Amino acid sequence: MSLAEKSPLIGLFSTLVGAILSIIVYINNSGEAAGILILIGFILGVVMLLVYIPVVLIEMGWCGCLGTVRETALKAAFEAKGKVIKVILTGLSLITFVLVVVYLIWGEIIVKGFSSVTCGVLTIIAVIFWLLNSAMSVIYLRK
């Protein structure tokens, strides 16, 4: 199985981890103006999860429980609108990545000066997972 075939599953995993880390950082920094960026990143991550779950089920062939007729109809509908879904996933992942990077630079480095090591490290890890998500979205888009 190539990386392009695994990209939806890797994207789902990185979205889940990125969203969890984003909400943890937001909770630890609630009340700050910069925290709204990470909250928006979390909300976009939840939207991406809602889009990724059916994509992973279809792409990995895990929707066999629907029955042959429904599975065939679902795959046909996905193939007809697949490019739109791929573009939406790529756009959301790039926007989320940029928001979390801006939060890291503005909120953690400039405003707080890494006063909280835990939040700083969690934000850096979240940025890495959102970057992985963006890369997987681009690979999936090109497939």
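A search of the whole structure, a predicted model, finds one aromatic pair. Rings of Phe, Tyr and Trp (its six-membered ring) pair if their centres lie within 6.5 Å; planes under 30 degrees apart count as stacked, over 60 as edge-to-face and the rest as tilted. The pair is formed by Phe13 and Phe129 and is edge-to-face, with 6.2 Å centre to centre and 70 degrees between the planes. Phe13 belongs to helix 1 (residues 3-28) and Phe129 to helix 4 (residues 117-142), so the pair ties together parts that are 116 residues apart in sequence. Helices (H or I, at least four residues) and strands (E, at least two) are DSSP runs, numbered from the N terminus.

Residues are numbered from 1 along each chain as its sequence is written, and side-chain values use heavy atoms, with hydrogens and water left out. Local features need pLDDT of at least 70, and side-chain atom pairs count only at pLDDT 80 or more, whereas totals for chains, interfaces and linings use all residues.

The surroundings of Phe129 were examined next. Contact means heavy atoms within 4.5 Å. Leaving aside neighbours within four places in sequence, Phe129 is in contact with Phe13, Ser14, Val17, Gly18 and Leu21. The C-alpha atoms of Phe129 and Glu108 are separated by 17 Å, although these residues are 21 residues apart along the chain. Another ring, that of Tyr140, has Lys86 over its face, at 4.8 Å from the ring centre. A charge sits over a ring if NZ of Lys or CZ of Arg is within 6 Å of the ring centre and within 35 degrees of the ring normal.

The overall fold is helical. The secondary structure comes to four helices and zero strands. From the N terminus on, the elements run α-α-α-α. The C-alpha trace spans about 55 × 25 × 25 Å along its principal axes. Of the contacts with a separation of 6 or more, 77% are accounted for by residues 24 or more positions apart.

Helix lengths were compared with expectation. The expected span of a helix is 1.5 Å times one less than its number of residues. Helix 1 has 26 residues and should span 38 Å; its end C-alpha atoms are 35 Å apart, which agrees. Helix 4 also has 26 residues and should span 38 Å; its end C-alpha atoms are 38 Å apart.

Helix 1 has a kink of about 30 degrees, centred on Leu9. Helix 2 bends by about 25 degrees at Tyr52, and a proline, Pro54, follows within four residues. After helix 2 comes Gly61, whose phi is positive, near 75 degrees.

Buried means under 20%, exposed over 50%, and partly exposed in between (1.4 Å probe, protein chains only). Buried residues make up 40% of the 143 residues. In helix 1 they include Leu12, Ser14, Val17, Gly18 and Leu21. In helix 4 they include Cys119, Ala126, Trp130, Ser137 and Tyr140.

The largest nonpolar core has 28 residues, and those with the most contacts inside it are Met48, Leu89, Val100, Tyr103 and Trp130. Helix 1, helix 2 (35-59), helix 3 (68-111) and helix 4 each supply at least two residues of this core. Helix 2 gives the most, with nine residues. A nonpolar core is a set of buried Ala, Val, Leu, Ile, Met, Phe, Trp, Tyr and Cys residues joined through side-chain atoms within 4.5 Å.

Trp130 lies in helix 4. Trp130 counts as buried, at 0% relative accessibility. Not counting residues up to four places away in sequence, Trp130 touches Thr15, Gly18, Ala19, Ser22, Gly41, Gly45, Met48, Thr96, Phe97 and Val100.

Beyond neighbours within four places in sequence, Ser137 is in contact with Tyr52, Leu89, Thr90 and Ser93.

Leu39 is placed in helix 2. Not counting residues up to four places away in sequence, Leu39 touches Ile23 and Tyr26. Leu39 and Ile125 are 86 residues apart in sequence and 16 Å apart in space, C-alpha to C-alpha.

Definitions and conventions
Bend = angle between axes of the 7 residues up to and from the residue.
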